[in-house]
Amino acid sequence: MITLEGDKLHFRFPEVHADATCTIEFQRTLRIPDDGKAYPLPPGLGSFPLRHLDDFAPRVPARWSERGGVIMPMHQAEAMWLNFGHGGWGAEDGYPFAVKIAAGKINAVTGEAWANHLNRDPQDYVVLPKQPWLDGYCVAKGFIRQFVAMPLGEGYSAEEQLTGAGEHGGVQLVVYPMKAERWREILRQREAARRRPLGMFSGAPRYSASTEPMAPAAMDMSLAPGGRMKQEIYDDDYGLDAWDLRHASRCFVTIANSLAWLAIAGERPPTLPPSAADYAKAGLPWFDYYGGDAKALDGAAKLAALKSVAKLGQEKGASPLPENEPVTGERVIELGKRATKPVREMPALATKPLSSPS
Amino acid sequence: MTHFGEYVRTCRERLRAADPRFSVRQVAARIDVEPAYLSKVERGEVAPPSEATTVKLAAELGEDPDMLLALAGKVSSDLQEIIKKRPRLFADLIRALKAAPDKAVLRLVREVRDGNW
């Protein structure tokens, strides 16, 4: 079952195991320059608001209501990343899950069309808790292209580039828990290791909503490939047999253009994040994550062949990305595997606002 | 009281086995208390800390704050506010669910609906 708690999706599988709980939230972030350079990980700037789509049924298109799930606002050309978490366990200890992520029903790891089931060859999912975050499309081993929101219908999204049609938009998720017997075996092994001598155990003001129907197609957003970033997508070292394929929960996350959010939800969308250049100038940190000896997946050829938003804009004679100047001299903090999940956020977020474009 | 302290110590020691940043001294510094105080809390020699400190401790240890507060014999302020608004209803509801299995309780929570896509 999936519940929405505090802008976070909670996936629980009590019928599989009491420990089988994980969370997914969507983090606001800087849009890294789309200039060919590979940037480190930008910070999290707080989560996007997430709401039950059903709450706004009279004000959204019928095709949005039909797919259910949740809805969130994004500004045009705004970036985001997915933050994976789990209840009550450290980063290394959590119940494992296989999670498929797509945007516009294009798999973010393989570039293939959406399918509910898991594929191992090539692996089309990420494994939690080993994978702490996902920032974009897996275009090469160790590199992704950042998720950047663009209006569906303008041709920038991965969906439109690969299928020639802008039909779905949004983000799609399906979560599979590990089989309970496999988890119990992991717990037994951990307990045995813990009991061994020498401490060898290594184991994170409200606004009134309009009553008018709000349905223009331009309000539907999809995710397009933006700037290049260093991030590894890790291999599944448990194997397909570890996952409980009889139990899965899936969710469609509709992305509404922030211009429509007030009319749909009766609340203002979050402000735009600062530009990458302003952030870097302020000397605030970027991040690198090392997953230890975890093996990284190769990039997907289909995704590698996508044109980035800036490149496609150039070909169209348009400038879809404001403030796309290169950034240099980033201050990078290295994050590694720890007993609790490393925190990837701007320090003193609430007390040191940066000027943001409006 | 003892249960809370034992639980905190077990969690912290488990984390410390993999990461030395989870010593009493370093955890205490990160949650803004004296190491001696945290040590006494773990040994059950003093009452569990305030709600704010317990929530910080939960975040530090990767534990659920409501669960840690319950072990400390407390209910978070936001839950108290919810109950105060409809005390009779929530008291009846909680008593009625006392013996229900987790799965039955979770069914009361609003699920995100999956549609046709």
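Which residues of chain B are linked in a network of salt bridges? They are B:Arg9, B:Arg12, B:Glu13, B:Arg16 and B:Glu42. Keep in mind that this is a predicted model, and that the values below are computed from it.

**The two chains**

Let's start with chain A. Its secondary structure comes to seven helices and 18 strands. Chain A has 358 residues, and 60% of them count as buried. Its accessible surface is about 14200 Å², with 51% of that belonging to carbon and sulfur atoms.

Chain B is built from eight helices and zero strands, so its pattern, read along the sequence, is simply α-α-α-α-α-α-α-α. Out of 117 residues in chain B, 33% count as buried. The accessible surface here is about 7200 Å², and carbon and sulfur atoms account for 56% of it. As for how chain B folds back on itself, take the contacts between residues at least 6 apart in sequence: 51% of these join residues at least 24 apart.

**Where the chains meet**

How many residues of chain B are in contact with chain A? The count is 23 residues of chain B, touching 34 residues of chain A. Between them, the two chains bury an area of about 2500 Å², of which 55% comes from carbon and sulfur atoms.

On the polar side of things, nine residue pairs are in polar contact across the interface, counting pairs with both residues at pLDDT 80 or more. There are also three salt bridges between chain B and chain A. One of them joins the side chains of B:Arg113 and A:Asp54, at 2.6 Å from N to O.

Which elements of chain B give two or more residues to this side? They are helix H1 (2–16), helix H4 (51–61) and helix H8 (102–107) of chain B. Sorted by class, the side of chain B that touches chain A has nine nonpolar, three polar and 11 charged residues.

**Salt bridges**

Over all chains, the structure holds 30 salt bridges. Here are some of them, with the N to O distances.

| Pair | N to O distance |
|---|---|
| B:Arg113 and A:Asp54 | 2.6 Å |
| A:Arg51 and A:Asp7 | 2.9 Å |
| A:Lys307 and A:Glu315 | 3.0 Å |
| A:Asp34 and A:Arg145 | 3.7 Å |

Take A:Arg51 and A:Asp7, whose side chains meet in a salt bridge at 2.9 Å. The cut-off for buried is under 20%.

Next comes the salt bridge between A:Asp34 and A:Arg145, with the closest N and O atoms 3.7 Å apart. A:Asp34 lies in the loop between strand S3 (21–29) and strand S4 (38–39) of chain A, while A:Arg145 is in strand S13 (residues 143–151), so the pair ties together parts that are 111 residues apart in sequence. Are these two buried or exposed? A:Asp34 is buried, with a relative accessible area of 8%, and A:Arg145 is buried as well, at 15%.

The salt bridge of A:Lys307 and A:Glu315 has its closest N and O atoms 3.0 Å apart. A:Lys307 is partly exposed, with a relative accessible area of 32%, and A:Glu315 is partly exposed at 46%.

**A buried lysine**

Where is A:Lys100 found? A:Lys100 sits in strand S8 (residues 97–103) of chain A. It counts as buried because its relative accessibility is 1%. What does the side chain of A:Lys100 make a polar contact with? Its partner is the side chain of A:Asp124, at 2.9 Å.

Leaving aside neighbours within four places in sequence, A:Lys100 is in contact with a run of residues that includes A:Asn107, A:Trp114, A:Ala115, A:Asn116, A:His117 and A:Leu118. Also among its contacts are A:Asp124, A:Tyr125, A:Gln172, A:Leu173 and A:Val174.

Note on methods. Residues are numbered from 1 along each chain as its sequence is written. Chains are lettered from A and ligands numbered from 1 in the order in which they are written. This is a predicted model: local features need pLDDT of at least 70, side-chain atom pairs count only at pLDDT 80 or more; totals for chains, interfaces and linings use all residues. Side-chain values use heavy atoms; hydrogens and water are left out. Helices (H or I, at least four residues) and strands (E, at least two) are DSSP runs, numbered from the N terminus. Buried means under 20% relative accessible area, exposed over 50%, partly exposed in between (1.4 Å probe, protein chains only). Accessible areas come from the Shrake-Rupley method with a 1.4 Å probe; for residues, only the protein chains shown count as cover. Contact means heavy atoms within 4.5 Å. Buried area is the accessible area (1.4 Å probe) that two parts lose on being put together, summed over both. A salt bridge is a side-chain nitrogen of Lys or Arg within 4 Å of a carboxyl oxygen of Asp or Glu. A polar contact is a pair of N or O atoms within 3.5 Å; within protein, one must be able to donate a hydrogen and the other to accept it, and residues adjacent in sequence count only if both atoms are side-chain atoms. Ala, Val, Leu, Ile, Met, Phe, Trp, Tyr, Cys and Pro count as nonpolar, Asp, Glu, Lys and Arg as charged, and the others, Gly among them, as polar.
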